[in-house]
Number of protein chains: 4
Amino acid sequence: MAGNSIGQHFRVTTFGESHGIALGCIIDGCPPGLEITEADIQIDLDRRRPGTSRYTTARREPDEVKILSGVFEGKTTGTSIGLLIENTDQRSKDYSEIKDKFRPGHADYTYHQKYGVRDYRGGGRSSARETAMRVAAGSVAKKYLKQEFGVEIRAYLSQMGEVAIDKVDWDEIENNPFFCPDVDKVDALDQLIRDLKKQGDSIGAKLQVVATNVPVGLGEPVFDRLDADIAHALMSINAVKGVEIGDGFDVVSQKGSQHRDELTPDGFASNHAGGILGGISTGQDIVANIALKPTSSITVPGETITREGESTQLITKGRHDPCVGIRAVPIAEAMLAIVVLDHLLRHRGQNHGVTTETPQI
Amino acid sequence: MAGNSIGQHFRVTTFGESHGIALGCIIDGCPPGLEITEADIQIDLDRRRPGTSRYTTARREPDEVKILSGVFEGKTTGTSIGLLIENTDQRSKDYSEIKDKFRPGHADYTYHQKYGVRDYRGGGRSSARETAMRVAAGSVAKKYLKQEFGVEIRAYLSQMGEVAIDKVDWDEIENNPFFCPDVDKVDALDQLIRDLKKQGDSIGAKLQVVATNVPVGLGEPVFDRLDADIAHALMSINAVKGVEIGDGFDVVSQKGSQHRDELTPDGFASNHAGGILGGISTGQDIVANIALKPTSSITVPGETITREGESTQLITKGRHDPCVGIRAVPIAEAMLAIVVLDHLLRHRGQNHGVTTETPQI
Amino acid sequence: MAGNSIGQHFRVTTFGESHGIALGCIIDGCPPGLEITEADIQIDLDRRRPGTSRYTTARREPDEVKILSGVFEGKTTGTSIGLLIENTDQRSKDYSEIKDKFRPGHADYTYHQKYGVRDYRGGGRSSARETAMRVAAGSVAKKYLKQEFGVEIRAYLSQMGEVAIDKVDWDEIENNPFFCPDVDKVDALDQLIRDLKKQGDSIGAKLQVVATNVPVGLGEPVFDRLDADIAHALMSINAVKGVEIGDGFDVVSQKGSQHRDELTPDGFASNHAGGILGGISTGQDIVANIALKPTSSITVPGETITREGESTQLITKGRHDPCVGIRAVPIAEAMLAIVVLDHLLRHRGQNHGVTTETPQI
Amino acid sequence: MAGNSIGQHFRVTTFGESHGIALGCIIDGCPPGLEITEADIQIDLDRRRPGTSRYTTARREPDEVKILSGVFEGKTTGTSIGLLIENTDQRSKDYSEIKDKFRPGHADYTYHQKYGVRDYRGGGRSSARETAMRVAAGSVAKKYLKQEFGVEIRAYLSQMGEVAIDKVDWDEIENNPFFCPDVDKVDALDQLIRDLKKQGDSIGAKLQVVATNVPVGLGEPVFDRLDADIAHALMSINAVKGVEIGDGFDVVSQKGSQHRDELTPDGFASNHAGGILGGISTGQDIVANIALKPTSSITVPGETITREGESTQLITKGRHDPCVGIRAVPIAEAMLAIVVLDHLLRHRGQNHGVTTETPQI
């Protein structure tokens, strides 16, 4: 059943395989009057692109986005926006290895079992290449949120393997190829990647994504809570295995007197909740963490089976990131942006003109 | 905007406030021919009910469910099923304290800001009482899954505060009031609850929920992945702040050679993935962990503000669980059951008759 | 699959069978702050109720609605609203006749084939009794539309059999049991019903439903056009076989120069379009016509088959309306109200703050 | 709010403006394993294309469709299918006339009021050019229905102006440029079109669309009835102002004894219902009629206003069909195919394995 859409009001639907002709998406429900250009979108696409440094894969994916509809004279018209990225790197390759074997840790086996047919070229639809369109759509959401409400959505790498950051300097993030906010950890990250390349292995990562200046009141109890929709959006990113809001799993050993964020006339005294209470935004920063598994595309040989169910071994050739988590930074931002904008429009429809007695905190 | 529904194919929509007249739900899209009685549903409701032991609140909530429609001569008819639980404990209380003050850590402030009006009696719609209908709907899903596919969905408490289990004995879970699978930890949990009651404080918890015998092939890439929908469903439970699939946040420091689950002619050699690859079920156990925050309903005084924004203090009176996580066990089972059944029906619609060459593992 | 909901933003989900315990619905997404009482809703329910005159069935269905949630201190809270009507007329009857035979013109055969099981008592879910909840939900929509935007939604009987009205006097509609706006046709309608009762037969009807003061701009091209959603909503009413917007089927023989509504500085010069252009409301009256088939519940014997496929005859006993179209007047109003409010909220979410250069016509 | 999608299970989302870079759509939820080529889709696109005869517009729109994803080695993979048609006729034109004036009978005024911004080139998103993607998506649905279930979906012109057909010869339909099934009316239609061209005027039309071999049991009461969803789909086609199922508006003057379709051991004795009872398919032919208004793109001058609200006149230049209804034949087929397939998948998910006692009629 149709599963390639996200969002109710601001809805993004995507298509495209890793080695197909093109990737594309339709953004439906975008407010009219937003100034948007291909260059605006390209900025985020370039941040996601592999090959931008020696730390990520060297494959050439220019990812040049085209706006095909929904924008007229530089502004969104309120109708559906078509975006397209042509795959320039479709050269015929030798897929005999992965055609008949299931790569362990990949979706080969499950796609085959679900659909009975599988585009095995580079992982087909299950490839992380699909996330390019998430980033493209997310950049439209980010621009509207920033311009109309001052909302900013940013992410960074907080841990890779055992290397965890000790501080967050937002200005540092774009200065290194790891999106790392702690300049003192960059060398250790660099060394870790070098070692993994030698080993032909990969490593997991942890990211934090933060939205600031989010209006209070976003989120629809009881199922479409803002945090539930954020969890859905972030968990839908390839390789993500965990999502936390605010203090996340640390709450397990917290006491109530310690966790609850007290209110003062100047605002909340803390933000253990991560900006969401009862599924509705508090106006504080929305803070989420995600865990990304190490990619299974490694050159360490692995046991697997053929389509006929016979035992065999497999090595994933080609150039692959030792840490896919790095590139997930702009993807995580995009997903959070899509959810926040979707809920902002949902909220505005139902609650326009609501006046509250409390001074806005 | 409408946010009180979950599921596309098997859809549950709920209503009801903590101290309103009644709670109810509509189950839409249930397959016909399933034998279901009020007694079947009551079993799970009783497992969730507070007051069943000294460890949970002593409030009397019989939670007697009535089937109002959609079942004829003991079987589901395929039409919408209406379920109702009347609130028997609606006696007028003194709400003056919480009427004008926002309880810290609760949804009072956000509901007020979102809607401009708030049913303050016992938390209104934001109360965990709402989860009774999730459990009721989930028990219908559980019965269908068990009967037609042998799927079993069970959860347990894996940690409370610093007390973590060391082993999982499924037979032990229903033998103690904590849904704890490790008999050797029951005394420690008991002592922790006693201490918290003395302190008037509360504590967080961690649960694991597991689905066994899940057919391979469930889940819709790329957004409605099975894991993404599970994350949505579990994060929508009151107090949940984190969700993990499989190894969860442990993957951050894992290597690819360590994480990937190798395949053998006899099946997968391990289950780090938690039963889901590329968003699609592998046929292995689906394993998820959730973190539940400590309830903010405690007698330790807290700083807050009035509706007029002035500084004040608040103590939450009444009988409250020191650990809301315990009662979340049947709720987590219900949410997982709803998601799995929803995806089973979604899959069946699109892929009926798909034949694969690989022997089913 | 889940099909018992209508609306995206203002969503109504219903349950209940003709002779079950109760009928109910959940209204999700209603704006907060609307003053609404059970008495408000009861007015429309009483207009729909059979037995209010000798022209409609004499069955006693008090249809007393209860608000179970979502309204606090007389105002909607923005959370889901639960409505319930208990069936008081559930006395055990002899259903042996319709249990094993399919009534021609009814849904007995199709429900049986679709679900394999069928609540045959009074038609079960396929009974027009289900429409009571549409009327209840619609009255909430009507009140919000009236109060916030001055929108009024009214319907009338424009034809029954060969008796067609010649004029529309809105003040006359509630003065006769036919919702007929032409006082000069009331006697003819009265005579037609008497004749049909003698014959044990029934007759079709045509209704017009009109919304005035609808804001310009409602409707979402290209699929969720306002007219498309109105067609969906009206065609979903039992017995409806045709829907027209504006001039409807008369356009087949119209020329373009005749049909197009010219614009002047004082507004549109005509309203052939029925208030909708390109799927979006023009600000003029929205005008729709519907055709309702004659009920198949008649005492003229009919040929049919048994569940075993053998030839047999059937007479529908009990008290039944010779013209079900009459009672459809408040139902048609309700459905149009639900669609208009849904689109108003959808529009407000996306286009809030849009400013146009043209003076509002 | 997002309105450019149709279908729940088999979902089609479209984008594109009349004079933009390209039109496209995403088909989501298509069953895997269907053999489909661009040539298959092109057949229906060519049937819709203007300029195929002197009766339709002479604009050159090759409408060459490209499959961008979701099809591998000639078969659908179950993932989202991206389709694209590049607009080859984007040459810069003089739009000054329609830029500042609202064409009467068109969506210019309503788009302007709704969004505050408008792509005025050739009607932008409101142009019938958008329907090309409906036809493309519909041809995929048609192929699956035909191949798996033997369902055939065909339409024809039943009336244009006062010229109505007297007989239906299915073999005749593709033999004349009017999709007219009555060879004896072709000359009259031809003359009517010639006269209109001289007058610079246009005319309305009526079509009938029929689905044969539809399985019994499709449709989801009570809101997503099969007939309600068909009405939605057909009314969403540009220029459609009326939809009938079965006998349609004729039922107004029918008696119950006349309308109800009696059942015999050999099947239904008649088909007044148009193949749908209680919102569920009966297994008989599904029959629907639609009325299409005369296009407002005519050279007869019309009164209108400028964006500033001042009185002015307008003539629509360019080559336009005198009867847009003709080209709607493949569009109507496409919309019915999308709805029937969507419901087939919905039904299969919920009711797979349902066994009924009645012999299939």
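In the predicted model, chain D is superposed on chain B by a rotation of 180° with 0.0 Å of shift along the axis, at an RMSD of 0.0 Å (least-squares superposition on the C-alpha atoms of residues with pLDDT of at least 70 in both copies). This is the relation of a two-fold axis. Within chain D, the C-alpha of G349(D) is nearest the axis, at 2.0 Å from it. Residues are numbered from 1 along each chain as its sequence is written, and chains are lettered from A in the order in which they are written. Because the model is predicted, local features require pLDDT of at least 70 and side-chain atom pairs count only at pLDDT 80 or more, whereas totals for chains, interfaces and linings use all residues.

Contacts between chains D and B involve 15 residues of each chain, two residues being in contact if their C-beta atoms, placed from the backbone, lie within 7 Å. On the side of chain D that touches chain B, five residues are nonpolar, eight polar and two charged (nonpolar: Ala, Val, Leu, Ile, Met, Phe, Trp, Tyr, Cys and Pro; charged: Asp, Glu, Lys and Arg; polar: the others, Gly among them). Of the interface residues of chain D, 100% are also interface residues in chain B, so the copies meet through the same surface.

The contact between chains D and C takes 102 residues from each chain. Helix α3 (residues 108-115) of chain D gives the most to the side touching chain C, with seven residues (helices are DSSP runs of H or I, at least four residues, and strands runs of E, at least two, numbered from the N terminus). This side of chain D comprises 34 nonpolar, 43 polar and 25 charged residues. Strand β11 (residues 240-245) of chain C pairs with strand β11 (residues 240-245) of chain D in the antiparallel sense over three bridges, pairing requiring at least two DSSP bridges between two strands. V243(C) lies opposite V243(D) in β11(D).
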